[in-house]
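This report walks a new reader through selected parts of one protein model. The sequence and the structure come next, and the description follows them.

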Amino acid sequence: MGFKTAEMPPVDPAEFGSMPFMARMKLLAVHWAEYGFGGPKQLNMLYVYKLLFYAGVGVLLVGLTTPALGGFPEFASWWTEPIVYVKLMAWTVLFEVLGLASSSGPLAFKFSPFIGGCLYWLKPGTLRVPPWPGKIPLTRGDTRQYWDVAVYGLILANLVFLIVFPGSETSRVPGSEAGLPPQWAMFSYVGLIIAMGLRDKTVFLAARSEQYLAALFVFAAAGSVVDMIVAAKIFMFASWFGAGISKLGRHFSPVVAAMASNTPWITSTRFKRSLYRDFPRDLRPSHVSGAMAHGLGTIVELALPVILLFSTNKWLTLAALIGMLGFHIFIISTFPLAVPLEWNVFFMFSAWFLFWLHPAGDGYAVTDMSTGWLIFAIVAAATFPILGNLRPDLVSFLPSMRQYAGNWASATWAFRGREAEEKLNTHLIKSNLNQVDQLTAAYGPEVAEIFMQKAVAWRTMHSMGRALISLLMRHTDNLDNYVIREAEFVCTTLIGWQFGDGHLHNENTIAAVQRRCNFAPGELIISWTESQPIHKNYVEYKVIDAAIGVVERGTYVVKDATEELPWLPNGPIKHTITWTRPGYVAPSDGSAYVMPEQPKVGA
């Protein structure tokens with residue numbers, strides 16, 4: 001790909017739409033393997049500039065608003081001060097909850113405008129996604145009200161206050177003139193974001209509360225700086241280690257292959273082809289992908305955090321720290337589609353601040369923590385990762401710490417024609433048009449459709465994508481009669497933010513959309529899969545007709561999905577039906593999508 005030009009698949013755009021759906025998926029999956037998304041590299045540079053702005057402005061704000069640090073002439077002496085950590089955390093949360101960080105820009109399929117976030121959450125009438133609307137008082141409904149907007153505005157104001165407050169001396173941080181922001185301001189943020197989360201879990205997750213909320217609470221409540229620092233270390237350890245545990249399965253190697261193929265600085269076609277077993281015939285991940293995934297990924301995330309948390313040896317700690325910094329630099333350099341870049345930058349700073357500037361050997365070890373706060377930190381760090389891996393239906397993959405694991409709740413939406421898809425523009429209050437319309441305005445309808453379907457092909461390169469398409473083959477009369485869309489990108493225009501969490505576009509969200517759009521039966525079909533529980537070899541799925549509700553539930557074996565090719569040359573993967581809505585009969589014609597000229601996998 002060029003700096004300003006996209007790398008297009010080898011097909012006439014005017015002829016692309018007339019190809020059978022599975023042929024399109026094969027063409028686009030093979031193209032992804034060599035070129036990734038294929039967008040011009042200037043799109044990546046937008047994120048580089050944004051990262052520089054985020055880091056530069058964050059440091060500038062700390063220096064200008066905290067006079068007790070001594071100003072920029074004393075820059076080198078700032079970095080052991082807890083207030084610097086708290087202020088940069090608040091700045092990162094503000095950047096996230098405005099929608100400027102994760103799920104922003106063209107790599108998150110936001111082209112015009114580049115963000116959702118605050119454009120939705122400051123607008124009454126947009127969709128709201130409460131986590132337990134039937135169980136928590138005052139959370140029923142799915143429409144954003146003026147008081148939702150007011151609470152969100154208070155959250156933004158609270159974060160700005162934490163950033164600009166100059167700090168005050170406190171006995172909790174002895175010897176520091178800068179001290180900390182006032183306790184009430186940290187407590188008020190915790191209360192506001194929880195209240196907002198009960199009304200709309202999208203905002204709660206967009207603030208990356210699973211990463212920052214517990215740490216901010218401890219800095220507000222703990223009586224000693226040792227408890228604050230060590231608790232923050234435990235929370236970081238849990239994020240790393242939990243993510244490492246989640247990658248011990250069949251899902252992660254396909255993620256690494258697709259991610260590496262999309263990495264702009266990896267230009268070797270030979271290397272990219274080596275990521276797959278037999279390019280272009282077999283796009284299952286190769287041993288190269290497996291070694292990258294579990295050698296440079298899983299082992300690093302399981303071993304190095306243990307060293308950082310417990311080591312009292314300076315040089316061993318330094319080696320582990322360098323390894324983790326390299327790990328995050330690599331993730332940033334791949335520009336993953338949810339673009340969680342600022343989070344990775346803050347984690348790099350946090351690792352240096354917590355483990356190097358406050359080492360275990362200098363009184364900041366787990367054993368130096370007070371018993372009560374140690375118990376709290378362990379429980380807070382472990383509860384959601386454990387519950388989320390055992391019962392993924394109850395916990396978002398973010399608090400479950402399954403970042404990048406490939407084991408996510410996901411969905412695919414099938415509209416019966418563009419007219420059905422257009423209802424999302426005409427019947428919902430949004431700030432972003434459907435992505436196909438955003439792309440059409442820039443590149444025309446034919447090119448726009450290629451990129452939209454490339455997102456679907458990207459999903460089929462992961463385990464759940466093959467299951468999702470398999471289900472649609474049974475629940476549509478003919479896939480070529482439908483416009484197939486990746487649900488993550490549909491969802492981001494509906495609610496303003498998306499990070500790959502299928503729980504944000506489950507049957508409750510679909511029902512909210514249906515109340516506004518009034519789809520006819522068969523006009524919008526969604527296949528939806530849950531994450532795989534850590535102790536089971538299968539995944540639960542459901543199929544939803546927007547006009548009817550859930551019409552089928554069942555399971556499929558993960559191995560059956562990971563051992564198939566993205567374009568399903570052997571037909572749909574096997575799935576077991578456990579429940580069907582009374583009176584519902586799924587269309588059974590899937591034979592048109594078996595490609596007999598393709599050899600069976602392993603043949």
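Two strands are taken to pair if DSSP finds at least two bridges between them. On that basis this predicted model holds an open sheet of 6 strands in the order 4-3-5-6-7-8, with antiparallel pairing. Strand 4 (483-486) and strand 8 (576-580) stand at the edges with a single partner strand each, so one side of each is left without a neighbour in the sheet. On average, and with direction ignored, neighbouring strands of this sheet are turned by 20 degrees against each other.

## Strand 5 and its partners

Strand 5 covers residues 524-529, and it is joined to strand 3 (residues 410-415) by 6 bridges in an antiparallel arrangement. Within that pairing, Trp413 stands opposite Ile526 of strand 5. Strand 5 also pairs with strand 6 (residues 538-545), again in the antiparallel sense, over 5 bridges. Here Ser527 faces Val543 of strand 6 as its opposite number, while the bridge partner of Ile525 in strand 6 is Asp545.

Is strand 5 covered or open on its two faces? In a regular strand the side chains alternate between the two faces of the sheet. In strand 5, Leu524, Ile526 and Trp528 lie on one side and Ile525, Ser527 and Thr529 on the other, and all of these are buried, which accounts for 6 of the 6 residues of the strand.

Helix 16 (residues 371-390) has 20 residues, and the distance from its first C-alpha to its last is 28 Å, close to the 28 Å expected at 1.5 Å a residue.

Because 12 of its 13 residues are buried, helix 20 is largely enclosed by the rest of the structure. Among the buried residues are Ser463, Arg466 and His475, together with Leu468, Ile469 and Leu471.

Thr493 lies in helix 21 (residues 487-495) and, at 2% relative accessibility, it counts as buried, because the term applies under 20%. The side chain of Thr493 reaches the backbone oxygen of Val490 at 2.9 Å. Leaving aside neighbours within four places in sequence, Thr493 is in contact with Tyr120, Lys430, Asn432, Leu433, Asn434, Gln435 and Gln438.

Ser431 is found in the loop between helix 17 (418-427) and helix 18 (435-443). A polar atom of the Ser431 side chain lies 3.0 Å from the backbone oxygen of Leu119. With neighbours within four places in sequence left aside, the contacts of Ser431 are Pro113, Leu119, Tyr120 and Lys123.

Leu52, in helix 3 (residues 42-65), is exposed, with a relative accessible area of 60%. Two pairs of residues that are separated along the chain are set out below.

| Pair of residues | Separation along the chain | C-alpha distance |
|---|---|---|
| Thr493 and Lys110 | 383 residues | 8.2 Å |
| Leu52 and Glu342 | 290 residues | 9.8 Å |

## Backbone features in loops

Most residues other than glycine have a negative phi, and most peptide bonds are trans.

Phe109, although not a glycine, has a positive phi of about 60 degrees; its place is in the loop between helix 4 and helix 5, and at 3% relative accessibility Phe109 counts as buried. Phe335 has a positive phi near 50 degrees and is likewise a residue other than glycine. Phe335 lies in the loop between helix 14 (314-334) and helix 15 (341-356), and with 9% relative accessibility Phe335 counts as buried.

Definitions and conventions: Residues numbered from 1 in each chain as written. Predicted model: local features only at pLDDT ≥ 70, side-chain atom pairs only at ≥ 80, totals over all residues. Heavy atoms only, no water. Buried < 20%, exposed > 50% of the residue type's maximum accessible area, 1.4 Å probe, protein only. Helix = DSSP H or I, 4+ residues; strand = E, 2+ residues; numbered from the N terminus. Expected span 1.5 Å × (residues − 1). Axes fitted to C-alpha atoms, helices over the stretch in contact; angles between N-to-C directions. Polar contact = N/O pair within 3.5 Å; in protein donor to acceptor, adjacent residues only side chain to side chain. Contact = heavy atoms within 4.5 Å.
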